[in-house]
Amino acid sequence: MTSPTDRRTVLLYLGAALVWGSSFLFTKVGLEGLAPAQVALGRLLLGAVTLVVVMTVLRRRWPRDRRTWGHLTVIGVLLCVVPFQLFAWAGQHLASGLSSILNATTPLMTSLAVALVLPAERLTRRQGLGIAVGAVGVVVIVGPWTYLDGGGVAAPLPAVLACLGATACYGLGMTYMRRFVTPLRLPAETVAAGQIAVAALVMLALAPAVARGPVTLTWPVVLSMVGLGALGTGMAYVWNTRVVDTWGAQRASTVTYLTPVVGVVLGILVLDERLHWYEPVGGLLVVLGIVVAQRARARTTAATGEPVAAPVPPAAGVGVQAPGAPRP
């Protein structure tokens, strides 16, 4: 018989998947009245306000030393400021479903970043195979053969590269978090609120230069920004933290496989988007690569006794984990 705790955890898990999968739809609608940098600024401000409320309600303490705030600034830039703007800019040119598929490369980028930045952690053959399969999936998603006859307008290469640049930032940010932030053993809400607050301040400082342009606030735009900021960049991370607490990081990370499905379905149903056959096929190859790489990593962890987390999906841009959870 399913306990109330299990049912609550399932609901939180599905809620996070739905919100993160919807973030690309929210971005697309937000772009109807805002410039890309304005979308990034709006989601950060709304996310920061939401997480400040969460910190107050839960009575979490803010960091007090400059060193910790310095680390939070770095991951705020890598996990929020840069990728949010890249995804928003790409959203002008790509279907929201395709953006959600490309976002699924984040775990592969994280594995690659760990191998490149942390020399002590070399890729095993199986991990390398997983990354290679994922790379083939990315190539299939792009559909390079369509460019031979000039028909590649469905997925402009600069926009695809912007999405991959965003997930590369996620990979670097998660690796930096593991190296410098995780050892601090801060509560997950503190890490999330700290980096989002800093990222919002950075975007505010940059706004006069990058967030200029006319603003048209219709109800769909306003509601999309609330969903993207308050839910996607705020509450979903609190939900995910509780899922990690109950299920563990490995099981909780399977939400990574649901968010592209949600993104694609919503894009088709709400925005009448059309995906080419090779885009979801490439997405499946990316997911297969993630599974191979993660299982190889899990076996290595079991053999060495070193705790390593499965990646937390940063569809909203923040890597959050519960205190004491395996590290990303």
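The dialogue below takes up ring pairs, charges, surface and backbone in turn.

Tutor: Please keep in mind from the start that this is a predicted model.

Student: How is a pair of aromatic rings described?

Tutor: Two quantities are used, namely the distance of the centres and the angle of the planes. In this structure there are 6 aromatic pairs. In one of them, the ring centres of phenylalanine 24 and phenylalanine 87 lie 5.6 Å apart with the planes at 70°, and the pair is therefore edge-to-face, since an angle over 60 degrees counts as such.

Student: Where in the chain do phenylalanine 24 and phenylalanine 87 lie?

Tutor: Phenylalanine 24 belongs to helix H1 (residues 4–30) and phenylalanine 87 to helix H3 (residues 66–91), so the pair ties together parts that are 63 residues apart in sequence. Both phenylalanine 24 and phenylalanine 87 are buried. Together with Tyr170, Phe24 and Phe87 form one aromatic cluster.

Student: Which class of pair do tyrosine 176 and phenylalanine 180 form?

Tutor: Their ring centres are 4.6 Å apart and their planes stand at 40°, so this pair is tilted. As a general idea, an α-helix has 3.6 residues a turn, so residues three or four places apart point the same way. Tyrosine 176 and phenylalanine 180 are 4 residues apart in helix H7 (residues 157–181), about one turn of the helix. Phenylalanine 180 has a relative accessibility of 30% and counts as partly exposed.

Student: Which charged residues lie over the face of a ring?

Tutor: Arginine 43 lies over the face of phenylalanine 84, at 3.6 Å from the ring centre. Arginine 179 lies over the face of phenylalanine 180, at 4.8 Å from the ring centre.

Student: Which residues make the nonpolar surface patch?

Tutor: Leu112, Leu116, Val117, Leu123 and Leu172 make a patch of about 420 Å². Helix H5 (residues 106–117) supplies the largest share, 3 residues. Leucine 172 lies in helix H7, and its relative accessibility of 40% places leucine 172 in the partly exposed class.

Student: Let us turn to the backbone. Where is the kink in helix H9 centred?

Tutor: The kink in helix H9 (residues 219–247) is centred on leucine 231 and amounts to about 40°. Glycine 248 follows H9 and has a positive phi, near 95°.

Student: Which residues other than glycine have a positive phi?

Tutor: Arginine 59 is one of them, with phi near 60°. Arginine 59 lies in the loop between helix H2 (36–58) and H3, and is exposed, with a relative accessible area of 75%. Aspartate 272 also has a positive phi, near 60°. Aspartate 272 is found in the loop between helix H11 (255–271) and helix H12 (278–304), and counts as exposed at 59% relative accessibility.

Methods: Residues are numbered from 1 along each chain as its sequence is written. This is a predicted model: local features need pLDDT of at least 70, side-chain atom pairs count only at pLDDT 80 or more; totals for chains, interfaces and linings use all residues. Side-chain values use heavy atoms; hydrogens and water are left out. Rings of Phe, Tyr and Trp (its six-membered ring) pair if their centres lie within 6.5 Å; planes under 30 degrees apart count as stacked, over 60 as edge-to-face and the rest as tilted. Helices (H or I, at least four residues) and strands (E, at least two) are DSSP runs, numbered from the N terminus. Buried means under 20% relative accessible area, exposed over 50%, partly exposed in between (1.4 Å probe, protein chains only). A charge sits over a ring if NZ of Lys or CZ of Arg is within 6 Å of the ring centre and within 35 degrees of the ring normal. Patches are made of residues with over 30% relative accessible area and no salt bridge: like charges are joined within 9 Å, nonpolar side chains (Val, Leu, Ile, Met, Phe, Trp, Tyr) within 5 Å. Accessible areas come from the Shrake-Rupley method with a 1.4 Å probe; for residues, only the protein chains shown count as cover. A salt bridge is a side-chain nitrogen of Lys or Arg within 4 Å of a carboxyl oxygen of Asp or Glu. The bend at a residue is the angle between axes fitted to the seven residues ending there and the seven starting there.
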